[in-house]
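Trainee: I have a protein model on my screen and I would like to learn how to read it. Could you take me through it feature by feature?

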Amino acid sequence: MSAQKDTPERIRIGISSCLLGAEVRFDGGHKRDAYLTETLARYFEFVPVCPEVAIGLGVPRETIRLVRCPQGIRAVGARDPSQDFTDRLETYGRRMAAELKGLCGYVFKRASPSCGMERVR
Ligand code: SF4
């Protein structure tokens, strides 16, 4: 009888997919983070999410920025503010929040208008 080694269950964490090396950024690049992909990946199961690609924006694409207006904060095209992505991003965010209920945490890409939580232009 052979001894079976238990594989520890990894903790499920959501993550901005560009941090894992996915080429989904506005310029076709990524923001792969070696600490995440080489060290923390041993302990966590990452669930990649890219809201901008998920709502149908292409790669490459125009950059988005957040603007404060009388209706609240809107996510609009940096060059063409008449392009308003807010409703689609909000709908997607609510859907994902419901679908990804089993997550234990989330790693957000800093400064992104769609993923970032602070220092967002
Ligand atoms: S929307 Fe989020 S995951 Fe997608 S490229 Fe921007 S920061 Fe990365």
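Mentor: Let's begin with a term: helices (H or I, at least four residues) and strands (E, at least two) are DSSP runs, numbered from the N terminus. The model is predicted, so local features need pLDDT of at least 70 and side-chain atom pairs count only at pLDDT 80 or more, while totals for chains, interfaces and linings use all residues. Residues are numbered from 1 along each chain as its sequence is written, and side-chain values use heavy atoms, with hydrogens and water left out.

Trainee: Which strands form the open sheet, and in what order?

Mentor: Two strands pair if DSSP finds at least two bridges between them. Here 3 strands make an open sheet, ordered β2-β1-β5, with parallel pairing. The edges are β2 (44-49) and β5 (106-107); each has a single partner strand, so one side of each is left without a neighbour in the sheet. Strand β1 (residues 11-16) is joined to β5 by 2 bridges, and Ile15 stands opposite Val107 in β5.

Trainee: How do strands β3 and β4 run, parallel or antiparallel?

Mentor: Strand β3 (residues 64-69) and strand β4 (residues 72-77) run antiparallel, joined by 6 bridges. Look for Ile64, which stands opposite Gly77 in β4. β3 and β4 form a hairpin, with 2 residues between them.

Trainee: Is Pro70 buried or exposed?

Mentor: Buried means under 20% relative accessible area, exposed over 50%, and partly exposed in between (1.4 Å probe, protein chains only). Pro70 is in the loop between β3 and β4, and it counts as exposed at 86% relative accessibility. For contrast, find Val47 in strand β2: with a relative accessible area of 13%, Val47 is buried.

Trainee: Now for pockets. Which element gives the most to the lining of the largest pocket?

Mentor: First, the idea. On a 1 Å grid over the protein atoms alone, a pocket is an open set of points with protein on both sides within 12 Å along at least five of seven lines, and a cavity is a set where a 1.4 Å probe fits but cannot get out; lining residues have an atom within 4 Å of a point. Grid points are joined across faces, edges and corners, and a volume is the space filled by probe spheres set on the points.

In this model the largest pocket holds about 560 Å³ of space. It is lined by 21 residues, with Pro51, Leu89, Gly93, Ser114 and Cys115 the closest to its centre. The element that gives the most to this lining is α3, with 7 residues; β4 and α3 (86-99) each supply at least two.

Trainee: What classes of residue make up the lining of the largest pocket?

Mentor: Ala, Val, Leu, Ile, Met, Phe, Trp, Tyr, Cys and Pro count as nonpolar, Asp, Glu, Lys and Arg as charged, and the others, Gly among them, as polar. The lining of the largest pocket has 15 nonpolar, 4 polar and 2 charged residues.

Trainee: And where is the ligand?

Mentor: A molecule sits in a pocket or cavity if more than half of its atoms lie within 2 Å of its grid points. The ligand takes up the space of the second largest pocket, which has about 470 Å³. A residue is near a molecule or strand if one of its heavy atoms lies within 4 Å of it. The ligand is surrounded by 14 residues, the closest being Cys18, Cys50, Lys109, Ser112 and Cys115. That shell divides into 6 nonpolar, 4 polar and 4 charged residues.
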